[in-house]
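Visitor: Please show me the structure. I would like to ask a few things about it.

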Amino acid sequence: MADININTVNKYFGDVHVIKDVSLDIKSQSFTVLVGPSGCGKSTMLRMIAGLEDINSGTISIDGQVVNDLPPKQRNIAMVFQSYALYPHMTVFDNMAFGLKLEKRSKDEINERVNEAARILQIEDYLQRKPKQLSGGQRQRVAIGRAITRKPKVFLFDEPLSNLDAALRVQMRVELAKLHNELEATMIYVTHDQTEAMTLADDIVVLDTGIVSQKGSPLELYDRPNNMFVGGFIGSPKMNFISSKILSKSSDATEVDIMGMSKISVSKMSASSSEGDSVTLGIRPEHLVVNGDSDGSWESKVFVVEKLGDVTYLYLEKDGEPLVAETEGHSEIKVGDTVKVGFPAGRCQLFDSSGQAFK
Amino acid sequence: MTILNLLFIVFLGILFFIAYFHISNYLLDSYGGSSVKRYNFENSIRVIVFIAPAFIVLFIFILYPVFETIRLSFYDKFGREFVGLYNYKWAVNDPEFRRSILNNLVWLLVVPTLSTFFGLVIANLADRIWWGSIAKSIIFMPMAISFVGAGVIWKFIYEYRGPDNTQIGLLNAIIVSLGYEPQAWLTIPIWNNFFLMAIMIWIQTGLALVIFSAALRSIPKEMLEAARIDGASELKIFFSIIIPYLEQTILVIWTLITIIVLRIFDIIFAMTNGEWQTGVLANLMYDWMFRGGGDSGRGSVLAIVIMIGVIPILAWNLYKHRQEQKI
Amino acid sequence: MKKISLSSILSQLLLLFFVIVWIIPTFGLFISSLRDKDLLAISGWWTALTTTEINEIYRMSGMESQIEEDGYFKIKGTLFEDNSGKKIESFGINSKKINEFKIGDIAIFKDESEVILDENGNYEWRSKSEFQKKKGKRLFTTSLSPPSFTFENYREVLFKEGIGRAFVNTMAVALPSTLIPLIICSFFAYSLTWMRFYGRDTLLAIIIASLVVPLQMSLIPILTIYNDFGALFGVAAKSYPGVWMAHTGFGLASTTFLLRNFLKSLPNEMMEAAKVDGASHYDIFLRIIIPLSIPAFASIFILQFLWCWNDLLVGLVFLDQVPSEIILTAKLKELLGSRGENWEILTTGAFVSMTVPLFIFFALQRYFIRGLVAGSVKG
Ligand SMILES: Nc1ncnc2c1ncn2[C@@H]1O[C@H](COP(=O)(O)OP(=O)(O)OP(=O)(O)O)[C@@H](O)[C@H]1O
Ligand SMILES: [Mg+2]
């Protein structure tokens, strides 16, 4: 119903090139999450789709129609802002009815739609309050309610939950997922929160300084990052990176050296690599094996132990490079212990010197 | 014109502007929309609709006059013939002009300084006394009064009766009760200027006071407490903490009052009409606008001299604005 | 502790001194405006609460009012108007000896007619022979006048001296001169803050520069424009609409500047949310900006209104000094010239001119101060 096609879009703020040749196809009724470091252009992307920023070149189309020059109100979208952006002088009801009133809907219809949205979001009791009299979570619901009442084809969320506390965030996250199922609309969602991205998304788009680094399902990005940036960005704690060198190449595997201590053969290939190239080996903390069987291993001192209950993080080191390993919740390992660290070859990624992943 | 007529045109005048904005926007709202071209067109028209009235007024009442005044200063009294620097030469050689410049300078030196000083002192005193806010209200009150009204108030204070009569002016009554001769204060050259300035100080101190009060409230209390714990006396705190902290505010208030004083007209016009050597530039200018059928050349020169006084402030404001824009 | 309380007493005294110095001039004016005009002319206002000794000359009635009674021809009457409250101490029949008689004494004139006077000013003048003169004789009285206050001066000033009309005129000048700039500047400030167009920054810089341009720079060219305009269309050059526009012009920069500063503080995201909701700029202006700007409007309204109400120069230059157009300040200035000795008129007139500003001051001080403090940033 509402595909969004973004075609080689560029955006400049003065001389600053903020969005660089971005092309994206977002499927109708999908939930797409935009992630990336601060300042990479996520909000700008969203605002361009909303029609709040002009586009310097390229096209954005919604549902097959190029919307480059359409004002926000004609794009059939709704947007939820990080700061809620409620109208402080209006009641919750009026906040939610504002758009409908501007469309000159009948009173009955406005009542019906606002009440419907309020029911979905469980804010029926607050309809006559002013935003000031609401808690953060309630305000956020009103902001979402304001978007729902207009029944748009596309919802745009810009870090909607980042002002909420952790517990509320989890709760709202679940509700957003339900909402998506219920409303059957296309949703684009910007967040800094890994968990939100992984749990909500049909597709995650990783932006890096105005370029789409990778787009794919959460697990695709997690298991097969296109490059070091995505590898490092997705997952928490961060993926460990270990400098290494290619020892030899065979038809289906690459053998690399782990700083002379051990060798490992990885079933990944890159056409452009050759023997002797430096590569970076990426391994996620949960795949590091502590005091157990693995393909390559070395000894390391434990510097810090973080016990979170369900898991324990060990801060280790490899020739001066810090590493994080994840082990079971009730680990006996103490600070100062020396442990054997290793990993299974199948779990690691290889990146060439420009950061591209071996496939 | 009857009062009813007056009411009617007042109503009409205000309604005109409301109607202008409402009707033009209403038309735009119902026109715009369906296509991209229309939308862009609508937007650019709307900018014009929003800006036009203010811009036209700005142009007619500020921008054009500034250039026209500069032009007129090089023309004869009717603004017809080019006379070069004649008007400026006249000004330099005119004793009245020199007197006015001198008076203006003294005003500029005395009034902003004393108003700022009193404002600062009173703000500090009032800040720590429980009836301080009432005191502030009272001292601030003259700000609401017109200069002419203030003129009447003070003229009454300065009122002079011959030595044989009961003095009904407060100042002379005090003087007489102390055993001195009553004086016609406003007619004593040089000194009378200060009696006029007193009125201005009486008014402007309130302005300084409220701004200082607001600024004082923004001083972090911890800073003062820390100083007290360090054993600094109140006087020491005032001079080495509060004053430096308020440096910017002092400057702002001082310039604000300077601008007001530079164009001071009403007080002198009402009290002495520039006689007994109390004239200032604005009064002289008003005079020349009408004297001998009006002399737009000389009047313009005087306006420009006043303008020159604000140019440093203007430049400073623009500079500050540019800095803010950059951030 | 002792030292602290001493310094606190000192600062209280100092502040008290300032307060007294600052309030006394206005207080004196107010008291004077309520005093009897005769008392006002001969005694300082600070004596208003004490009894004052006054010497006056009165003339008794002439022959027409005489009656015959007990073998005398009598003229009865009273010297004072009703309930003046004055009490006569002593009186005389000769300008050289004005304190010659006490109350109860019988004063005898040269023609052998005699007069008795009570302390309230009732006299009985009798003579054996018929009174022949149209004019009565003079009495010199020394009386004590208790404090007395009256609204007589206000009645006089409002209805006879034209201050009442000037009050209406001033309102007719000040109200539109405040509302018109508020209306057009709010749109102007809105577009400077929330609309994008070519030349916006330049326009803003012009506003900042115009803030400090003195009024005097505009007077001569504007007056010329008005005169030409008047000549061209055959209407009076000086008129109410003319003065409104002049005030609008002179207040435009500061009104715009203050409003823009306020609008800039509103969150950008709220405007964008409204846009996404389908609001046009006018919708945003009417339904979001205006309701949220009420406090700012109040402050700016007060500043501009007081400025227009208190203005003299603009009203002097752009209005004719005729009863139907003259404003309060100009009227006061005129009275200062023509009635310079009539303090009852001047003080009352001045106080009438101050009523509106003082009302605003006391009722809306908070907004007034907020506006001033915000405006002071423009330095
Ligand atoms: N109005 C603007 N004018 C100039 N530069 C801008 C403007 N808005 C954004 N930028 C710049 O564009 C870049 C992208 O901004 P954007 O707001 O899209 O980042 P973001 O990815 O949303 O960051 P965050 O996660 O911190 O919200 C930033 O470098 C920012 O400084
Ligand atoms: Mg952002």
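Guide: Start with burial: of the 359 residues of chain A, 53% count as buried. Buried means under 20% relative accessible area, exposed over 50%, and partly exposed in between, with a 1.4 Å probe and protein chains only. This is a predicted model, where local features need pLDDT of at least 70, side-chain atom pairs count only at pLDDT 80 or more, and totals for chains, interfaces and linings use all residues. Residues are numbered from 1 along each chain as written, chains are lettered from A and ligands numbered from 1 in written order, and side-chain values use heavy atoms, without hydrogens and water.

Visitor: How many helices and strands does chain A have?

Guide: Helices (H or I, at least four residues) and strands (E, at least two) are DSSP runs, numbered from the N terminus. In chain A, the secondary structure comes to eight helices and 21 strands.

Visitor: In chain B, which helix has the highest confidence, and which the lowest?

Guide: Confidence here is pLDDT, given by the predictor for each residue from 0 to 100. Chain B has a mean of 84, and 97% of its residues reach 70 or more. The highest mean, 89, belongs to helix 4 (residues 95-127) of chain B, and the lowest, 81, to helix 10 (residues 234-245) of chain B.

Visitor: Which residues have the most contacts inside the largest nonpolar core?

Guide: A nonpolar core is a set of buried Ala, Val, Leu, Ile, Met, Phe, Trp, Tyr and Cys residues joined through side-chain atoms within 4.5 Å. The largest one has 247 residues. The residues with the most contacts inside it are Trp107(B) and Phe318(C).

Visitor: What does Trp107(B) touch?

Guide: Contact means heavy atoms within 4.5 Å. Residues up to four places away in sequence are not counted. Among the residues touched by Trp107(B) are Asn193(B), Met197(B), Ile264(B) and Val280(B).

Visitor: How many residues are in the second, separate core?

Guide: Its members include Val80(A), Ala97(A), Ala117(A) and Ala147(A). The count for this second core is 47 residues.

Visitor: Is Gln29(A) buried or partly exposed?

Guide: Gln29(A) sits in the loop between strand 2 (16-26) and strand 3 (31-35) of chain A. Its phi is positive, about 65 degrees, although it is not a glycine. Most residues other than glycine have a negative phi. At 33% relative accessibility, Gln29(A) counts as partly exposed.

Visitor: Where is Lys151(A) found?

Guide: Lys151(A) is not a glycine, yet has a positive phi of about 45 degrees. Its relative accessible area is 58%, so Lys151(A) is exposed. Its place is the loop between helix 4 (136-149) and strand 7 (154-158) of chain A.
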